[in-house]
Each structure stands twice: as C-alpha cells, then as structure tokens.
Amino acid sequence: MFKLVQLEDMVRIPPSLFKLPPKEAAMEVLREKYEGRILRDIGLAITILDVELDPKGVLVPGDGATYHRVRAKVLVFAPEPQEVVEGEVTVVAEYGVEVRMGPLDGFIHRSQLHEKETFSYNREQALWLGEKSGRILRRGDRVRARVVQVSYGTRGPRLRVGLTMRQPFLGKLEWVEEEIERRGKHAKA
C-alpha cells in the first residue's frame, strides 16, 4: 500500500529560493509540485523524502531561475487489487459506503456489504441494517475490506478504489471478531 518510488524531473528554482542551499530549494519545489497529488499509475504522493540534485543547473535567457535535473525518493500510497485494508466508514448513503483508508477513501457498493446477509438502507438514521441478523453499519464504524478495483480515471488526476466485504473475515471489525470466535468454537468441538 505504501511504497517508495524514484522520480526524475527537471525543477525550476526561482530566485526567491536562492537563499536556501540548492538541495533544500529543490525539496521545497518538489513538495509543492507533488505532495498530495495523484501520480497516474503510481499512486498518491504523500511526501518527498530525499532528492539528488545536479548542482550545475541551466540558465534560460530572460528567466532569473535556475533549472536542475533531480532524482527524488517519494513515499506514495498505492492500493493494490486483492489487498486487505482497514478503515473508518465516513459516508453512509443509499448507494453504499465510503471508507477512509489512510490518505484516500474507498467505495463499497451496497451489494458488497456482506457475503451472506441482505442489508437495507435506513435514510432517517443513515445506516445499513442486516435483515436477518440486525447488524448495523454506520458512520464511524471500523471495517476490513478487500481492494477489488483501482482506477486512475481518464479525466484529470483521480484515484478511485473499489472495495468489497463479501468474503470471510471481512466486514465491520466486530463482525470479524464474532466470526473468528464462532469458528474457533467449532474447531474445538
């Protein structure tokens, strides 16, 4: 989910940053350019950890800045298909729920809420209610889900993550604990 990647780029260091050592100035420019941004097919850039800078740089007539080739080490968040994640339910709606998993939100369609249970949406209380078990899923609940889709979108930098809870040991953490306990009792019998 979190990984380190190397990026190569050309940075423009404006005169306003000349008071800093070149490496620090390059770090500041790269952080402004990349941090918090979606990098297509790479992930969400969390932070720039280190930078190697070509100290020579290039001058362009009419521009007071210097341009330097850089190689940056970047920490990114990149969910992978089939990966199991945990997060907090942030939105409960008629179409499903959104789950905050680290720096991004993933989406669980209403058909993917549980393997064996049918859920109905209660608009007044903003929750999903299990029709057989009476289990409740609402905002603030902690859940475990599996990544089933990662899409970087075609219009602009967007990262969409589709999730499911339709497999054993997935769902609201309380449900997972109940399932582990139930299976443990069956194994002892």
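How many aromatic pairs does the count come to? The count comes to 4 aromatic pairs, where rings of Phe, Tyr and Trp (its six-membered ring) pair if their centres lie within 6.5 Å, with planes under 30 degrees apart called stacked, over 60 edge-to-face and the rest tilted.

Before selecting anything, note that this is a predicted model, in which local features need pLDDT of at least 70 and side-chain atom pairs count only at pLDDT 80 or more, while totals for chains, interfaces and linings use all residues. Residues are numbered from 1 along each chain as its sequence is written, and side-chain values use heavy atoms, with hydrogens and water left out.

**Stop 1: an aromatic pair.** Select Tyr 121 and Trp 128. Among the 4 aromatic pairs, this one is tilted, with 5.3 Å from centre to centre and 50 degrees between the planes. Tyr 121 is partly exposed at 24% relative accessible area, whereas Trp 128 is buried at 3% (buried is under 20%, exposed over 50%, partly exposed in between, with a 1.4 Å probe and protein chains only).

Stop 2: Strands are DSSP runs of E, at least two residues, numbered from the N terminus, and two of them pair if DSSP finds at least two bridges between them. Strand 9 and strand 10 (residues 127-130) are joined by 4 bridges. Now pick Phe 119: opposite is Gly 130 in strand 10.

**Stop 3: the largest pocket.** Select Gly 106, Phe 107, Arg 160, Val 161 and Gly 162, the closest to the pocket centre of 17 lining residues. The volume is about 280 Å³. A pocket is an open set of points on a 1 Å grid, where a 1.4 Å probe fits, with protein on both sides within 12 Å along at least five of seven lines; lining residues have an atom within 4 Å of a point. Strand 8 gives the most to this lining, 6 residues; strand 12 (142-151) and strand 13 (160-164) each supply at least two.

**Stop 4: the second largest pocket.** Select His 114, Lys 116, Arg 135, Glu 179 and Arg 182, which lie nearest the centre among 15 lining residues. This pocket has a volume of about 220 Å³.

Methods: Points joined across faces, edges and corners; volume = space filled by probe spheres on them.
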